[in-house]
Amino acid sequence: GNHMGPIISFKGLDNSAYYRLMDDEPQYYRDYTGTGNSLNVRHPHSLQLIMDSLRYWVTEMHVDGFRFDLAATLAREFYDVDRLSTFFDLVQQDPIVSQVKLIAEPWDIGPGGYQVGGFPPGWAEWNDKYRDTVRDYWKNEDHTAGDFAARFTGSGDVYDLRGRRPWASVNFLTAHDGFTLADLVSYNGKHNLANGEANRDGDNHNNSWNHGVEGPSSDHAITALRNRQQRNLLATLLLAPGVPMLLMGDEVRRSQGGNNNTWCQNNPLGWMHWRPDSEDLGLLQFLKRLVLLRRQLASLLNPAQPHPEGKPGRPSDTANLWREWHGVELHRPDWGSWSHTLAWSLHSADRGALLWCGLNAFSKAIHFDLPPPANGWMRVIDTALPNGEDIPRHPEFWSPKGVPLESRSLVLMVAPSLLRSEFSEAGGGNRTRIISLEG
């Protein structure tokens with residue numbers, strides 16, 4: 001805690017060595033974290049404690065990596081966040097710690113604490129730009145098309161400048177702080193009265209949308225749209241380059257009743273219900289097949305090399321593949337402020353169009369043009385279809401020049417030639433089994 005807390009632990013051992021104190025009033029703490037104090041990473045003994053602990057957890061407890069909460073605080077040698085701080089140097093030269101997964105929450109609450117994209121190579125970061133942009137696009141906000149395209153292709157505008165790869169972006173929609181996925185599509189505002197702080201705690205900026213009714217609804221049209229939006233969001237998460245992060249319970253529509261700050265609620269409001277209702281299992285089945293599809297298309301959806309695009313709509317050529325953005329018409333992406341429709345296709349120089357993905361965040365159904373593949377298309381995702389058909393077990397062959405997208409839906413088409421080659425390497429077996437997306 002702060003100066004009002006008890007004199008125990010590091011505060012009792014050596015207060016000025018372990019904590020950042022105010023220079024002119026050392027009885028008070030510098031609070032860059034919001035917890036009342038900040039660790040003093042300028043002191044060699046504090047740094048030694050950190051590094052000894054990390055090495056112990058890796059060598060003796062065999063953890064795979066670390067997620068650093070409010071990680072910008074660890075880079076504050078003086079007042080500002082220092083990208084060349086001693087902490088980063090120690091991690092980079094350490095033969096043990098440098099080899100495990102290092103994930104930063106790349107901000108704190110102090111001046112200059114927002115450092116998304118600012119961490120060194122070798123680090124991955126929670127990408128809140130992805131979270132906010134994807135939420136805004138699917139809730140039909142204006143001025144989102146260009147930013148959405150950047151987030152959906154690995155956030156190269158954030159990470160490519162320092163030679164980092166798409167895995168540096170930990171893409172997420174929800175986390176332990178904030179709304180769950182079910183609440184994200186069911187509430188316009190937070191409902192934190194149970195926390196005892198008159199609804200003042202928790203973030204006010206949630207980029208959420210209740211789709212017509214605040215909270216639970218018996219209106220079938222509203223619940224169906226909410227369910228579709230959850231599939232849209234999950235599909236966008238799993239189809240994007242980078243590392244997808246899923247909040248436990250989102251796969252079964254876990255709700256916190258609109259409370260976006262349940263850290264103090266040790267009761268059913270914040271608990272995980274391990275036996276969901278049967279109506280929630282449709283989303284779980286969708287996600288299982290979505291994960292399998294991402295795994296089978298990994299070399300295309302999340303390549304080792306990024307696809308740097310100088311600006312939205314400019315195709316790139318990496319490893320003989322390139323991505324092209326479209327609107328409802330081929331080769332004509334709409335980056336306008338009021339655009340709510342996007343599509344992209346992935347092409348190979350020797351095999352033609354391999355993937356096509358259309359995203360319609362508009363309130364009406366729209367017909368999209370399709371690029372011609374060598375042997376037709378197979379529709380492997382359509383979030384507008386009922387449970388079980390949204391990612392069919394046995395995709396059917398299509399040979400249309402276009403495809404209708406229902407309002408607020410996502411469709412992914414795959415070239416049959418891709419299913420016969422890359423899918424056989426991933427799954428083996430005969431052709432029917434290869435394209436069967438069993439949960």
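How many residues does helix α2 have, and how far does α2 reach from its first C-alpha to its last? Helix α2 (residues 44-59) has 16 residues and reaches 22 Å, close to the 22 Å expected at 1.5 Å a residue. That expected span is 1.5 Å times one less than the number of residues. Helices (H or I, at least four residues) and strands (E, at least two) are DSSP runs, numbered from the N terminus.

The model is predicted: local features need pLDDT of at least 70, side-chain atom pairs count only at pLDDT 80 or more, and totals for chains, interfaces and linings use all residues. Residues are numbered from 1 along each chain as its sequence is written, and side-chain values use heavy atoms, with hydrogens and water left out.

Stay with α2. Its buried residues are Ser46, Leu47, Ile50, Met51, Leu54 and Val58. Buried means under 20% relative accessible area, exposed over 50%, and partly exposed in between (1.4 Å probe, protein chains only). Why do these residues lie on the same side of α2? They cover an arc of only 130° around the axis, so they share one side of α2. The arc is that of the directions from the helix axis to the C-beta atoms. The buried residues pack against α1 (9-18), β1 (65-68) and α3 (86-93). Contact here means heavy atoms within 4.5 Å.

Helix α9 (residues 281-296) also has 16 residues. It reaches 23 Å from its first C-alpha to its last, close to the 22 Å expected. Its buried residues are Gly282, Leu283, Phe286, Leu287, Arg289, Leu290, Leu293, Arg294 and Gln296.

Now the empty space. Rolling a probe the size of a water molecule over the atoms shows where such space is left. On a 1 Å grid over the protein atoms alone, a cavity is a set of points where a 1.4 Å probe fits but cannot get out; a pocket is an open set with protein on both sides within 12 Å along at least five of seven lines; lining residues have an atom within 4 Å of a point. Grid points are joined across faces, edges and corners, and a volume is the space filled by probe spheres set on the points.

The largest pocket holds about 930 Å³. It is lined by 37 residues, and the closest to its centre are Glu105, Asp177, Gly178, Asp203 and Asn261. Helix α4 (residues 128-138) gives the most to this lining, with 4 residues. By class, the lining has 11 nonpolar, 16 polar and 10 charged residues. Ala, Val, Leu, Ile, Met, Phe, Trp, Tyr, Cys and Pro count as nonpolar, Asp, Glu, Lys and Arg as charged, and the others, Gly among them, as polar.

The second largest pocket has a volume of about 580 Å³. Of its 24 lining residues, Ala182, Arg253, Ser255, Glu279 and Asp280 are the closest to its centre. α7 (181-184) and α8 (220-239) each supply at least two residues of the lining, and α8 gives the most, with 4.

The structure also holds 3 cavities of 30 Å³ or more. The largest cavity has about 80 Å³ of space. Its lining includes Arg135, Trp138, Trp209, His211 and Gln229. α4 and α8 are the elements that give two or more residues to this lining.

Last, strand β7 (residues 341-348) contains Thr341. Thr341 is buried, at 11% relative accessible area. Not counting residues up to four places away in sequence, Thr341 touches Tyr137, Val328, Leu359, Asn360, Phe362, Ile366 and Phe368.
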